[in-house]
Structure formats: C-alpha cells, structure tokens
Amino acid sequence: MKKYLFVFVMAACALGCSDDDGGSGPDPNLELVPGTWELTELRISPAQDIDEDGTTTSNILDELPCVNARITIRSDNTWSFSGNDVIITTITGGLFKFFCSDQIRLASGNWDLVGNTLRLADGSGVVTQFTFDSEAETLTNTIGEVLPELQAEIYTKQ
C-alpha cells in the first residue's frame, strides 16, 4: 500500500509541476520606478484654511507653497530624500497652525518593489511603504491619520 501511495504522490507532483508558472520572471514595473519623484500632494483631514483666504483645502500644498520634497530613486536599488517638513500645531476648536520647517531633512537607503508596493528602507531600518501606480506615475504613502497628523503624501514622477 505504501508503494502505491508513493507512486501516486510522485505522479501528482510530476503532473502538477511545470516550468511555466508565470511567477518567476522579473517584475516589469521595476524599470518604471527609478527617477525623480516630486511631492505633489500632502493631504490633511479635516480641510483647513491655512493661508486664511476664506477657502479650505485638504491639500497643504495648495495653501503653503514653502513645502517641498523630492525622492530620487536609482536603478541600483538606492534612494535619497530631500525636503522640508510641515510643522502642525494645535490651536483650539479643531483649528491648527501650519509652518514650514527651515531645516532641510535628508534621508537615504535601499528600496524594493513587491507587486505595487514600493518599500523604502532608511539607514536605521525604518521602512516606509508607498503604493506605486505605474499608469498615473504616482507614489502614495497613505498615513490615514486626522490632524494634527497627515492623511497621505503623494509624489509624482518628473
């Protein structure tokens, strides 16, 4: 009986395995990732009137032009970041004050792409995950917090 079971298992393996499983090739999106990515949206919730012109927005960049950031992703699987942070302080009653940091923040590390998730790991091992949209050429880091934290940051390929 053991002999027949062994033959059955071997036959099943031989018939079930093939060289063309479609999952072993390189990801075609890998060549689309390297380049310069500019911060194009910094979402907040709830919307605020940052520049006090009477219009609220969910995108900090619409009302605070001093915010900028750039991610450079290289084909050798390294990346670098340069940008200034937004400082958000709570006032009262759901209102916040927004400032641009005078300091330029720099970071760098390694990256990889798994499906449509781009992972940036910095030198201390902190990993930031972005959703990579090859058609829109965007990287979206969904943070999902409400003020004084951010909802998302979106970078567009230049």
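**Notes on a predicted fold**

1. Helices (H or I, at least four residues) and strands (E, at least two) are DSSP runs, numbered from the N terminus. Residues are numbered from 1 along each chain as its sequence is written, and side-chain values use heavy atoms, with hydrogens and water left out.

2. Which bond joins Ser45 and Pro46? The peptide bond there is cis, with omega about 0 degrees. Leu147 and Pro148 are also linked by a cis peptide bond, this one with omega near 15 degrees. Pro148 has its place in the loop between strand E8 (138–142) and strand E9 (152–157). For background, most peptide bonds are trans, and most residues other than glycine have a negative phi.

3. Glu52, a residue other than glycine, has a positive phi near 55 degrees. You will find Glu52 in the loop between E1 and strand E2 (57–59). Glu52 is exposed, with a relative accessible area of 64% (buried is under 20%, exposed over 50%, partly exposed in between, with a 1.4 Å probe and protein chains only). Asn77 is not a glycine either, yet its phi is positive at about 65 degrees. Asn77 sits in the loop between E3 and strand E4 (78–90), and at 32% relative accessibility Asn77 counts as partly exposed.

4. How many disulfides does the structure hold? There is one, and this disulfide (cysteine sulfur atoms within 2.5 Å) joins Cys66 to Cys100, with an S to S distance of 1.8 Å. Cys66 lies in the loop between helix H2 (60–63) and strand E3 (69–73), and Cys100 lies in strand E5 (residues 96–114), so the pair ties together parts that are 34 residues apart in sequence. The disulfide is right-handed, because the torsion about the S-S bond of Cys66 and Cys100 is about 85 degrees.

5. Next, please look at the largest pocket, which holds about 480 Å³ of space. Its lining has 27 residues, and the closest to the pocket centre are Phe81, Asp85, Arg105, Glu153 and Tyr155. (On a 1 Å grid over the protein atoms alone, a pocket is an open set of points where a 1.4 Å probe fits, with protein on both sides within 12 Å along at least five of seven lines; lining residues have an atom within 4 Å of a point.)

6. Which strand gives the most to the lining of the largest pocket? That is E4, with six residues. At least two lining residues each come from E1, E3, E4, E5, strand E6 (117–122), strand E7 (127–133) and E9.

7. Finally, Thr138 is found in strand E8 and counts as buried, at 15% relative accessibility. Leaving aside neighbours within four places in sequence, Thr138 is in contact (heavy atoms within 4.5 Å) with Trp37, Thr131, Phe132, Asp133, Ile154, Tyr155 and Thr156.

Methods: Predicted model: local features only at pLDDT ≥ 70, side-chain atom pairs only at ≥ 80, totals over all residues. Points joined across faces, edges and corners; volume = space filled by probe spheres on them.
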